[in-house]
Amino acid sequence: MITQRDRVIALPRKPTVASILDDYLSCKKKHDRVLTEVVEAIRLYFDRALGTVLLYRSERSQFEKTLHDAGSKVPMSQLYGAEHLLRLFGACSSCSPNVPCQSMTVERAMCSKAAWSSWPS
């Protein structure tokens with residue numbers, strides 16, 4: 001629907017990617033340093049991948065305007081929501097050459113059905 005009619009999703013979204021990831025982390029009864037680092041890596045990867053990998057053509061002008069208005073002070077994970085986070089999970093089978101992926105562990109964690117499909121239960 002978005003691509004067929006050149007529509008864009010209103011920003012900021014509720015809930016944001018940042019709040020989704022924070023909620024995920026807080027729902028885990030036992031989380032250690034590794035889980036915290038994985039969630040932070042997903043957030044960082046999202047912020048870096050959004051402009052180059054995750055947007056449809058019709059959304060790029062909105063992204064540029066948002067980037068200009070918010071500046072580098074506001075991470076995009078605090079403005080974009082679940083729709084774009086799902087695109088990241090859908091695209092996680094390979095890292096883009098435009099987005100640095102420092103660890104295959106991050107990719108595996110993002111794609112782990114066990115880790116995300118059991119949440120929020």
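**A helical chain and its nonpolar core**

Me: The largest nonpolar core has 22 residues, and those with the most contacts inside it are I42, F46, L50, Y80, L85 and L88. What makes a set of residues a nonpolar core?

Reply: The residues must be buried Ala, Val, Leu, Ile, Met, Phe, Trp, Tyr or Cys, joined through side-chain atoms within 4.5 Å. The elements that give two or more residues to this core are α1, α2 and α4. Of these, α2 gives the most, with nine residues. In soluble globular proteins, nonpolar side chains tend to be buried together.

Me: What kind of model is this, and how are residues numbered?

Reply: This is a predicted model, in which local features need pLDDT of at least 70 and side-chain atom pairs count only at pLDDT 80 or more, while totals for chains, interfaces and linings use all residues. Residues are numbered from 1 along each chain as its sequence is written, and side-chain values use heavy atoms, with hydrogens and water left out.

Me: Why is I42 called buried?

Reply: Buried means under 20% relative accessible area, exposed means over 50%, and partly exposed lies in between (1.4 Å probe, protein chains only). I42, which lies in helix α2, has 0% relative accessibility and therefore counts as buried. Of the 121 residues of the protein chain, 36% count as buried.

Me: How far apart are I42 and A18 in sequence and in space?

Reply: I42 and A18 are 24 residues apart in sequence, and their C-alpha atoms are 9.8 Å apart.

Me: Why is α2 called roughly perpendicular to α4?

Reply: The two helices pack at an angle of about 90°, with their axes 10 Å apart. An axis is a line fitted to C-alpha atoms, for helices over the stretch in contact, and angles run from 0 to 180 degrees between N-to-C directions. Under 35 degrees is roughly parallel, over 145 roughly antiparallel, 65 to 115 roughly perpendicular, and the rest oblique. The value for α2 and α4 therefore makes them roughly perpendicular.

Me: Which residues meet where α2 and α4 touch?

Reply: I42, Y45, F46, A49, L50 and L54 in α2 meet H84, L85, R87, L88 and F89 in α4. These residues divide into nine nonpolar, one polar and one charged. Ala, Val, Leu, Ile, Met, Phe, Trp, Tyr, Cys and Pro count as nonpolar, Asp, Glu, Lys and Arg as charged, and the others, Gly among them, as polar.

Me: What does contact mean, and which residues does Y80 touch?

Reply: Contact means heavy atoms within 4.5 Å. Not counting residues up to four places away in sequence, Y80 touches L11, R13, T16, V17, F46, L50, L55 and F63.

Me: Is T66 buried or exposed?

Reply: T66, whose place is in helix α3, has 15% relative accessibility and so counts as buried. Leaving aside neighbours within four places in sequence, T66 is in contact with L11, G71, M76 and L79.

Me: How do you know that E83 and R13 form a salt bridge?

Reply: The rule asks for a side-chain nitrogen of Lys or Arg within 4 Å of a carboxyl oxygen of Asp or Glu. The closest N and O atoms of E83 and R13 are 2.9 Å apart, and the pair forms a salt bridge. E83 lies in helix α4 (residues 82-90) and R13 in the segment before α1 (17-27), so the pair ties together parts that are 70 residues apart in sequence. E83 is partly exposed at 29% relative accessible area, and R13 is partly exposed at 23%.

Me: How many salt bridges does the rule give?

Reply: The count comes to six salt bridges. One of them joins E37 to R33, with the closest N and O atoms 2.6 Å apart. The two residues are four apart in helix α2 (residues 33-54), about one helical turn. E37, at 43% relative accessibility, is partly exposed, whereas R33, at 59%, is exposed.

Me: What is the N to O distance between K65 and D69, and where do they lie?

Reply: K65 forms a salt bridge with D69, and their closest N and O atoms are 2.8 Å apart. K65 and D69 are four residues apart in helix α3 (residues 60-70), again about one helical turn. K65 is exposed at 54%, and D69 is exposed at 53%. Elsewhere, salt bridges that share partners join D22, E40 and R43 into one network.
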